[in-house]
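The sequence and structure are shown first.

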Amino acid sequence: MRLLVETVVGGLFGGCVIALLAAGITIVHRSTKVLNFAQGGLATLNTYLYFQATVVWGWPIALAWPAVLVAAGFIGVAAEALTIRPLRRADAQSRTIATVGLLLVIQWIVITAWGAQQRFLPLLAGGGVTIAGVHLSSQNLVTAVATVAVGAGIGIVLVRTRFGLGVSAAAQDPEAARLLGVGPARVSRSTFALASVVGAVAGILATPLLVLTPSQLTLVFVVALGAALAGGFESLPRTVAAGLALGVVQSLVATYAPFSGLPQAAGFFAVLVVLVVVRRRIDLVELLRGTA
Amino acid sequence: MRRALWPVAGVALVALALAGGQPASIAARAAGFALGIASVVVLTGWSGQLNLHVAAIGLGWGAYAAAGLAANGVPSLVAILVAPFVVAPAALLVGVAAVRFRGLELAIATLAAGLAFEQMAFQNLGKWLARATSGTQFQSSLIELARPAGFGGDRAYALLAAIVVASWLAGAALLGHGRTGRILHAVRGREVVAEARGVPVFWWRVAAFVASISLAAAGGALLAGQTGAVTPDSFGLILSLQLLAVAVLAGVRRLEAAVLGAGLVVLAQEAGGIPVLNVIAGDRIDLVFGVGLIVAVWLQARRRFESGNVTAEAIAEVPGAPGALEPRAFAPTRLRVERVTVSFGTDRVLDAVSIRVGEGEVCGLVGGNGAGKTTLFNCITGLVTPAAGRVFFAGQDITELAPHRRARLGIARTFQGVELFGGLTIVDSLMLIAGLGGDHDEALLRTRAHGALEQVGIGPAAAFHPSDLPLATLRLAELATALVGDPSLVLLDEPLAGLDARERTVVLAAIARLRAQGRSIVIVEHDCEAVATIADRIYELRAGRAVPYGRERRTEEARVAAGA
Amino acid sequence: MLRVRDLQVRYGSVAAVRGVTFDVEPGRAIALTGPNGSGKTSLLRAIAGLASADGEVWVGEGRIDGLASEARAAAGVAFVPDGRRVFGDLTVEQNLLVGATTLPRARTRAAIANALERFPSLATRRLQRAATLSGGEGQLLMIARALVAGPQVLLVDEPFQGLSDEAVAHVDQVLGVIAADGAAVVVAVPEPFGDLPEIPMRFGEIAEVVA
């Protein structure tokens with residue numbers, strides 16, 4: 001029983017990372033209809049920057065975090081300016097393909113700057129607490145707190161600031177939002193920047209528990225796609241819930257069914273399940289409905 | 001230039017193969033990659049679907065199939081050649097399940113499934129097969145695949161690879177040509193039109209899926225034989241993205257991309273020691289492909305925005321104006337729609353709608369956007385089945401009849417402005433659409449196509465592309481697409497859209513001629529006045545109900561009152 | 001003041017607007033009339049920057065035809081498109097806040113308060129989700145939202161479609177008041193409306209007005 005609780009709790013923490021990446025995917029998609037395939041790549045790049053700051057240059061954590069988050073914002077803006085903005089008059093599908101190109105470029109940057117070997121990040125905090133017989137590591141607690149903070153932050157920005165409301169409005173009706181002064185360029189740029197920052201947080205939190213390699217977070221990204229899919233690429237609460245659920249599923253499989261390769265593949269199987277359950281069957285009638 | 005590519009590539013491949021040693025292994029690898037890229041061309045370029053992890057679902061399947069066969073005692077040569085045919089049935093099963101998904105969802109499905117294979121299936125397959133070959137408790141996931149007997153040397157294997165890739169690419173080229181090529185073109189771009197003419201779109205997409213994976217499997221088997229070993233690492237996601245990127249870069253609609261792309265990939269892998277070219281060597285391949293992909297997408301987007309210039313003068317000349325329409329005595333009913341009701345969810349689009357069209361009559365349907373005009377058309381043509389009510393054609397109840405059967409009975413329709421294919425000449429578009437119904441005879445199709453163009457008075461426009469013709473001519477060409485099968489009932493969806501007063505007269509005259517031939521015509525239009533000049537009756541669709549319009553209202557009301 | 005000179009709109013090979021020229025003085029409202037397909041909507045969309053067009057458009061002393069749609073909003077053009085285009089998941093007040101996007105931050109609160117005062121029926125529904133508003137209230141919200149930034153030119157596309165008579169009267173009254181504020185108002189309607197001066201359109205051109 002205690003094993004079950006610990007497994008589920010551990011899964012929830014792991015799910016925080018998935019939820020964060022999924023939130024980044026959803027935020028970009030709902031306002032721009034672009035599926036950012038480079039989300040995992042951006043998270044990876046920012047995490048490597050954090051590695052550079054703390055492990056290589058020895059910066060204190062209190063300095064590294066804000067520095068990397070700010071840098072992440074700029075990187076998001078730069079990435080959008082170079083890949084998406086030139087395609088502003090093309091359709092969303094073209095821009096989505098461009099993010100695949102971006103992923104390849106980021107891959108190159110990371111391998112060239114830091115090489116392909118495994119790197120390790122130290123834990124953010126050591127030790128842990130034990131509540132009701134269940135051990136919670138400090139790292140996990142920090143993860144949870146950070147995730148909640150980021151989530152709340154995003155929520156506040158989207159609902160309480162004029163700018164955030166503009167982005168939410170653009171998600172519902174981009175044309176009507178444009179007519180009121182909320183331009184698609186600004187929306188695209190700011191959602192990318194936000195997604196990059198959120199990805200940075202996800203990467204920095206996740207990596208001490210995994211290893212840092214150029215492709216690690218891209219694999220997590222695919223699982224996050226499943227969570228975003230479950231949220232319809234639109235609803236942040238559903239996306240976060242799905243992310244947490246997927247984390248729990250992965251954790252359960254790892255503990256109770258550790259057959260070779262299954263824990264690593266569990267997330268991907270889960271994505272397939274989400275697809276089948278959530279799938280919107282756009283059949284012929286609906287296609288015609290558009291012209292009715 | 002394109003035509004020259006094939007012989008040049010063939011000669012280069014054979015030359016490299018004959019050189020033996022390192023060049024020969026390059027040739028063999030190029031052959032494998034070419035098949036992987038061809039797989040992307042067939043699936044994405046031709047049928048419009050997306051497999052994001054072709055390295056796993058495709059190359060990997062082929063490699064493991066070959067290794068698996070060899071581990072079970074099949075001679076290596078047979079294993080490599082037969083692997084794609086072992087993979088095909090699996091691809092069929094997967095395709096039937098997967099092709100229901102569209103666009104982004106299919107992409108995510110292939111991505112997730114491919115990674116699942118990478119992380120789990122390949123590892124375990126490898127271990128299981130390795131145990132089988134070596135007979136010991138071999139823990140590694142690496143399986144060996146020996147070179148085929150007699151093709152052990154690099155030179156010989158490369159020549160074998162050349163033959164294999166040439167055969168598969170030739171087969172793919174056949175698929176892309178002629179009738180099958182045209183059908184795939186329609187399936188990709190005009191699915192609704194294809195479905196309406198009886199093309200089983202779903203099964204064509206499955207076929208493209210199976211063909212695509214088989215192609216990649218053939219390539220994977222070749223690659224496995226070349227390296228002599230199969231490991232899960234060989235089929236990573238980055239390889240898939242690189243193959244995708246290079247396919248898009250080289251032109252994903254054309255099979256030539258397979259050759260160009262393979263050349264690029266191999267060049268990047270080998271260019272390390274060559275000055276100047278080593279700019280794309282090693283890891284830099286990612287940078288090149290990434291930037292290249294973005295640039296390629298940008299160029300494609302720009303091309304789409306350049307609208308065609310109108311160069312040809314207005315060719316449409318239809319002899320005779322509508323003139324005075326002889327009032328018809330009561331014409332026998334050809335089409336009767338009786339109390340048809342259609343709802344989409346809670347939205348009742350058609351509410352007990354009844355209309356009647358006689359032989360040689362023109363019937364107009366007017367109403368605002370979303371009033372249900374197109375839905376009514378869809379009921380008549382069979383793309384939508386009403387929740388209530390019946391549809392009768394020449395006395396026969398066709399309510400449940402499939403669209404392509406109704407087409408054979410003589411019902412034809414146009415779709416609002418989407419009939420013609422931008423990349424084809426007018427006559428080719430007509431032939432493509434006419435050929436979707438199942439007729440194969442090219443000469444017959446051509447005759448019918450030209451005949452239809454003559455009937456609307458634009459015979460000379462046959463050899464032009466849509467972008468070269470004025471709008472009135474295009475509208476008449478769209479009209480002609482409906483005439484190819486010599487229908488007795490023609491449904492026209494906004495045939496006057498975008499035309500000015502003079503152009504409308506021309507198109508209306510063409511429609512009047514069709515009426516004079518005895519065809520029944522139903523026109524959906526916004527412009528009541530224009531329709532009124534040639535219509536025998538007009539119905540207005542408002543809030544899902546059909547109301548006889550204008551002068552007909554009195555006649556209809558009288559008839560209803562008389563209990564007819 | 002709105003000045004339009006030889007405006008042409010094409011969608012591919014289809015000419016939706018074929019060279020239209022007219023002026024609207026500040027404080028005046030005019031009705032753009034014509035059947036479906038006559039080009040009214042394309043004309044308004046082109047002025048608002050949503051359709052690419054050739055020709056000149058001037059708002060006051062500034063020429064806006066080279067600007068993107070969001071920049072035209074900042075330049076004083078407000079366009080209320082047809083159909084129900086409120087941001088359904090946001091509240092009435094939040095909808096208005098989005099309308100204040102082009103205003104300096106300091107003026108936002110006053111502008112919102114002003115809007116709520118002018119539209120009392122919206123004020124009582126301040127915190128209500130916009131998706132739950134009736135047809136007429138939604139139309140009012142769209143107009144109120146467009147007015148928050150104090151535009152010089154207000155373009156409205158078929159605001160009366162599907163509204164009850166009462167709602168129609170209300171919207172009509174509001175449009176009159178807006179004109180009195182000094183904005184130039186253009187309303188697209190299928191038939192001539194009240195005693196508003198009329199610009200009739202037919203096949204993408206301004207038709208001859210038969211006296």
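## Confidence in the model

The pLDDT is the predictor's confidence in each residue, on a scale from 0 to 100. It applies here because this is a predicted model. Over chain A the pLDDT averages 86, and 95% of the residues score at least 70.

Within chain A, confidence is highest in helix α3 (residues 61-84) of chain A, with a mean of 93. It is lowest in helix α12 (residues 284-289) of chain A, where the mean is 43. Over residues 281-292 of chain A the pLDDT stays under 50, and the model has 18 contacts beyond four places in sequence for this stretch. Where pLDDT is low, the predicted coordinates should not be read in detail.

## The side of chain A that touches chain C

In the model, 16 residues of chain A are in contact with 23 residues of chain C. On the chain A side, the elements that give two or more residues are α6 (162-172) and α7 (174-179) of chain A. The largest share, six residues, comes from α6(A). By type, this side of chain A divides into seven nonpolar, five polar and four charged residues.

## Helix α10 of chain A

Helix α10 (residues 236-256) of chain A has 21 residues. From its first C-alpha to its last it reaches 30 Å, close to the 30 Å expected at 1.5 Å a residue.

Which residues of α10(A) are buried? Among them are Thr239(A), Val240(A), Leu244(A), Gly247(A), Gln250(A) and Val253(A). The cover over the buried residues of α10(A) includes α1 (2-32), α5 (138-160), α9 (216-230) and α11 (262-278) of chain A.

Note on methods: Residues are numbered from 1 along each chain as its sequence is written. Chains are lettered from A and ligands numbered from 1 in the order in which they are written. This is a predicted model: local features need pLDDT of at least 70, side-chain atom pairs count only at pLDDT 80 or more; totals for chains, interfaces and linings use all residues. Helices (H or I, at least four residues) and strands (E, at least two) are DSSP runs, numbered from the N terminus. Two residues are in contact if their C-beta atoms, placed from the backbone, lie within 7 Å. Ala, Val, Leu, Ile, Met, Phe, Trp, Tyr, Cys and Pro count as nonpolar, Asp, Glu, Lys and Arg as charged, and the others, Gly among them, as polar. The expected span of a helix is 1.5 Å times one less than its number of residues. A residue is buried if 20 or more other C-beta atoms lie within 10 Å of its own, exposed if 12 or fewer, and partly exposed in between; C-beta atoms are placed from the backbone.
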